[in-house]
Amino acid sequence: MTTSEPTEPIPAPTFSRRRLFTLGAGAALTAALAACGSNTGRGSGSSGGHGAPVLSQWYHQYGEAGTEQAVKRYAAAYTEARVSVQWRPGDYDRQTAAALLTDAGPDVFEVNGPTLDQIQGHQVVDLTHEIAAVRPDFNAAVLAPKTYRGKVYGIPQTIDMQMLYYRKSLLTAAGVRPPRTLHELVDAAHRLTTRNVKGLFLGNDGGAGVLGGTPLFAAGLELVTADGRVGFDDPAAAAALAGLHTLYANKSLLLGAPADWADPSAFTQGLTAMQWTGLWAMPQIKKALGDDFGVLPFPAAGNHGRPAVPVGAYATAVSARSKHVDAAKAYAKWLWVDRTDDQQDFALSYGFHIPARVSLAKKAAKLRTGPAADAVGFATDHGHASPLLWTPKSQTALQDALTRIIQGGADPSAQLKSVVSTVGSELSRVLKKSGKG
Amino acid sequence: MRKNGEATIQDAHVRLGRALRAVIIGALAVLFLVPFYLLVRGGLSSESDLTSPGWTFFPRTLRWSNVRELFDDPSVPMLHALWNSTQIAVLTTLGTLLLASLAGYGLARIPYPYANHVFYAILGTLMIPSAVTFVPSFVLVSTLGWISTLRGLIVPTLFSGFAAFVFRQYFLGFPKELEDAARVDGLGHWRTYWRVVVPNSRPVFAAVGAIVFIGSWNAFLWPLVIGQDQQAWTVQVALATFTTAQVVNLHELFVAAAVSILPLVVVFVVLQRYIVAGVERSGID
Amino acid sequence: MPSRLLGPQNRYLWFWVFTGPFVVGLGVFVYVPLLWSLALSFFDARNTVTPTHFVGLSNYTSVLGDSAFTSSLATFAVFCLFIVPATYALSLALALMVNRLRLARAFFRSVFFLPTACSYVVASVIWKLSLFNGVRFGLANTVLRWFGQDPVAWLSTSHPPWYWLVIVTVRLWLQAGFYMVLILAGLQRIPRALYEAAAVDGARPGWQVFRHITFPQLRATSVAVVLLLVINAFQAFDEFYNLLSTARGYPPYARPPLVYLYYVALGQGQDLGIGSAGAVVLALIIALVTVVQARWFGLGRKEE
């Protein structure tokens, strides 16, 4: 194969009717395409049979069995519109981000956000009015990141939180008590590590992805201060992150497990004595280990430290490009404000999530005893949500630095310095934009 | 004149070399087959066998029920995905062969003053990574209303610069005499192409067809984003549901992976001779 | 119709009948998005494909000033410098060995060619979850254990960078068989007479014959294979993404440009301006490398 000139003699240049034929060929092609139709479903967002709109609603793929059937059941019960539920495997954030640019996207969708740029770019609509009646009933910590200048752009569905699970019997056998400080955690993980069992599982990347800002919260710091400045420009931050590297350097961390941190398999299969994972995994862990486990928040780091757990919520949002914005808003309100039974079922029947509504969380019998009750307590007392001003770019910068510190043993202060500078410029960008309009 | 002893030594050398080569090629063959073995082993094991600390070369019990479990799983319509992938791969292959072979023939055999410009415009697209234009392509397809449709999955992928390039290079070397004979019989470009050129170019069609078919069957990113509705999922997208699920079900994932490559492996084993002959004689280089 | 528009014997008409459909499709589905991307690179295009705020070259300065982008280019150079020679050498070795087989030739050719049927998704599943699984029940770690070694977390260890072993072997396995077939075809075309002449001249079968006859005669095939390998390496995305990405993103190591662009332009922080600028820079680099490479191989001068 070569990229050389064709060997034919080239005729003298003459004017051609290329354009005309191009257009002709284009017409032929269009006709061919029309013939090769075969639409594979999807009611293209137009109206249904009796003037009722057809709404498309997206969920990311939940791992717990039965969730998909449940959300389809909820949608089927809605009478004002026909709702077609789409269950999306793969990289959900990217799929929704791309789809929001087009008319073919969802009308109603759950989102791990919405992000500030999505709000400022007018991609999602204001839902303040929809939740007005029950606004105080939503957990304030998770509602705050969905709120921009007093208006609410996403209705929190359930609260997700993560924490440290530990195997009681293994700790007892090793003579280790549940760690209360980062120092104790490092020590415990080291002493629990044997040839077959690692001390701690923080995800296959060594913790950079799942922990994110949690070690900073545990050091008594914040990601963004109330007045919109970088909240971790402090030596305590570097000290906390250095502790994480020690875990890695001691070979106390489980790495490269077949299932990542969100799945409790590594813990239940006995690959690790402690694992950082979500509340949602508790039913599975209970089934596998019975009472042989306990839970802890991320332990305090340093002198001004405090225990911390990350909390967050998938929220339901309505796409601004929906052809039926009003119908979509009405449906979002119906499901995530009015239908408290469905909300309860969604939060508790499949995995374990804390209902985003305080009144529902209080009613949940399953969350009142044992480790589940501990978890609810952690979320209330030590919960930190990522603020709206914390953009994906800031998150990436912190995560990259964490990976370099944990795995590469990079100097925490130098790494943090560059994160502080990236986050600082992101903050001034988004604040300037919100100042403008 | 050589002495007997020398000949024996040389013979021994030759034999040793041959034996060594046999050992090396045998070892490499085993290495190349290991992943297939792992796939089948994973697919027919129970979850607990897979994750047990000791390595078992063969599952203690072959769990054929895993296959049924996969096809019975209501959350992943595997059969439908296989059907979608088949339709898409077949139509994409036929469409690409038609469009690219015509273009390649035109570029190679029909003199036109700006043919070079057209050729370079096609060649240039080979250097553009598809992810670069991914978002505008997606927006374009959705503007056309082709999301979750077969045409959205097929049409934008039909214009393969690679295929057109291969056909052009091949037709440059196509024997002129055959065409001239057709000309003498009074056939125009169009009929010459269909009656003389195509029937005499089967290897290149087989080779390009095989490459396009494989690429189409194995494509992941585009079907993931365009095939939004579960009804439009391809095999690769269905497979990804197992890897991205929060709870990884290893044996089902392996069974699904094995099922996803089975059609291609069967095609390869049955048609291998033709595909290899096609690639060998297509002049792809 | 004036014949100068249709060309002699309507040739121009026929040219467009043959190439028109392809060229139109290419225009619509490749060039329109391409120009669209180019335009986006000069705008502040966050979360929109129809931006209004023109920013000139500032996207270019910011992407070139982003160490994540420049280091992704370096990562990519390392990958390319490794994967291209390695795949070529392995394919050549396989082809030479298969070519000399007398028994079971079709069988061995099939065995090496078969991985071509696998997708990167499937291969990544096998590599990540079975072969180079980081825990005790992975095959590689089982083998290490037989020799009394500790298990290695292949994909999570940056010192030493074991992840390269995983990434490179997956691509070798998937690609080598295909290029082996191309090289086999090249070997078939070498005239027997050359070998016979060499034997008469007393050249020893083996290295000498390879160096003076086989390898030089394979030149055209080798150039083709290397060009294809480089083009394919430019497109590297699938195995990186499927092996290393997690629900929370992608580690800062082994991040080639396409993965970087994918996260910047298609992630939640959907910055299409920066993403497009990076894409344009990448496309320019690819074009430059291709041209240099073509010169290097002496292409574009004369048809061989």
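## Domains of chain C

Domain bounds here come from an automatic or database domain assignment. For chain C, that assignment gives domain 1 (1–30) and domain 2 (74–269 + 279–296). The C-alpha centres of these two domains of chain C lie 40 Å apart.

This is a predicted model: local features need pLDDT of at least 70, side-chain atom pairs count only at pLDDT 80 or more, and totals for chains, interfaces and linings use all residues. Residues are numbered from 1 along each chain as its sequence is written, while chains are lettered from A and ligands numbered from 1 in the order in which they are written.

## Helices of chain C

An unreviewed UniProt entry lists a "transmembrane region" at residues 12–36, 73–94, 106–127, 162–185, 218–237 and 272–292 of chain C. UniProt positions are given in the numbering used here, feature names are shortened, and annotations may be inferred rather than shown by experiment. What does the model show over two of these stretches? Residues 12–36 of chain C are 100% helix and 0% strand, with end C-alpha atoms 30 Å apart. Residues 73–94 of chain C are also 100% helix and 0% strand, and there the end C-alpha atoms are 31 Å apart. Helices (H or I, at least four residues) and strands (E, at least two) are DSSP runs, numbered from the N terminus.

How many residues of helix α9 (residues 192–200) of chain C are buried? The count is zero among its nine residues, so helix α9 is hardly covered. A residue is buried if 20 or more other C-beta atoms lie within 10 Å of its own, exposed if 12 or fewer, and partly exposed in between; C-beta atoms are placed from the backbone. After α9(C) comes C:Gly202, with a positive phi near 85°.

## Where chains B and C meet

Two residues are in contact if their C-beta atoms, placed from the backbone, lie within 7 Å. The contact between chains C and B takes 74 residues from chain C and 68 residues from chain B. Helix α2 (residues 11–40) of chain C gives the most to the chain C side, with 18 residues. By class, that side has 55 nonpolar, 14 polar and five charged residues. Ala, Val, Leu, Ile, Met, Phe, Trp, Tyr, Cys and Pro count as nonpolar, Asp, Glu, Lys and Arg as charged, and the others, Gly among them, as polar.

## Inside chain B

Chain B is assigned domain 1 (4–66) and domain 2 (68–281). Their centres, taken over C-alpha atoms, are separated by 33 Å. Ten residues of domain 1 of chain B are in contact with ten residues of domain 2 of chain B. On the domain 1 side, α1 (4–43), α2 (47–50) and α3 (65–72) of chain B give two or more residues each. The largest share, four residues, comes from α1(B). The residues on that side divide into three nonpolar, six polar and one charged.

Now look at helix α5 (residues 115–124) of chain B. Its residues B:Ala115, B:Val118, B:Phe119 and B:Ile122 are buried. They cover an arc of only 100° around the axis, which puts them on the same side of α5(B). The arc is that of the directions from the helix axis to the C-beta atoms. The face turned away from the buried side of α5(B) carries the exposed residues B:His117 and B:Tyr120. The cover over the buried residues of α5(B) includes α4 (78–109) and α8 (161–172) of chain B, together with α2 of chain C.

## Chain A

Chain A has 19 helices and twelve strands. Of its 437 residues, 54% count as buried. The domain assignment gives domain 1 (54–160 + 312–384) and domain 2 (161–310 + 388–436) of chain A. Their C-alpha centres lie 26 Å apart. The contact takes 23 residues from domain 1 of chain A and 24 residues from domain 2 of chain A. On the domain 1 side, α17(A) gives the most, with seven residues.

Why does A:Ala98 count as buried? A:Ala98 has 22 C-beta neighbours inside 10 Å, so this residue counts as buried. A:Ala98 is found in helix α3 (residues 92–99) of chain A. Leaving aside neighbours within four places in sequence, A:Ala98 is in contact with B:Val135, B:Phe138, B:Val225 and C:Leu266.

## Confidence in chain A

pLDDT is the predictor's confidence in each residue, from 0 to 100. Chain A averages a pLDDT of 86, and 87% of the residues score at least 70. Among the elements of chain A, helix α1 (residues 18–35) has the lowest mean pLDDT (38) and strand β9 (residues 294–296) the highest (97). Over residues 1–49 of chain A, pLDDT stays under 50. Where pLDDT is low, the predicted coordinates should not be read in detail.
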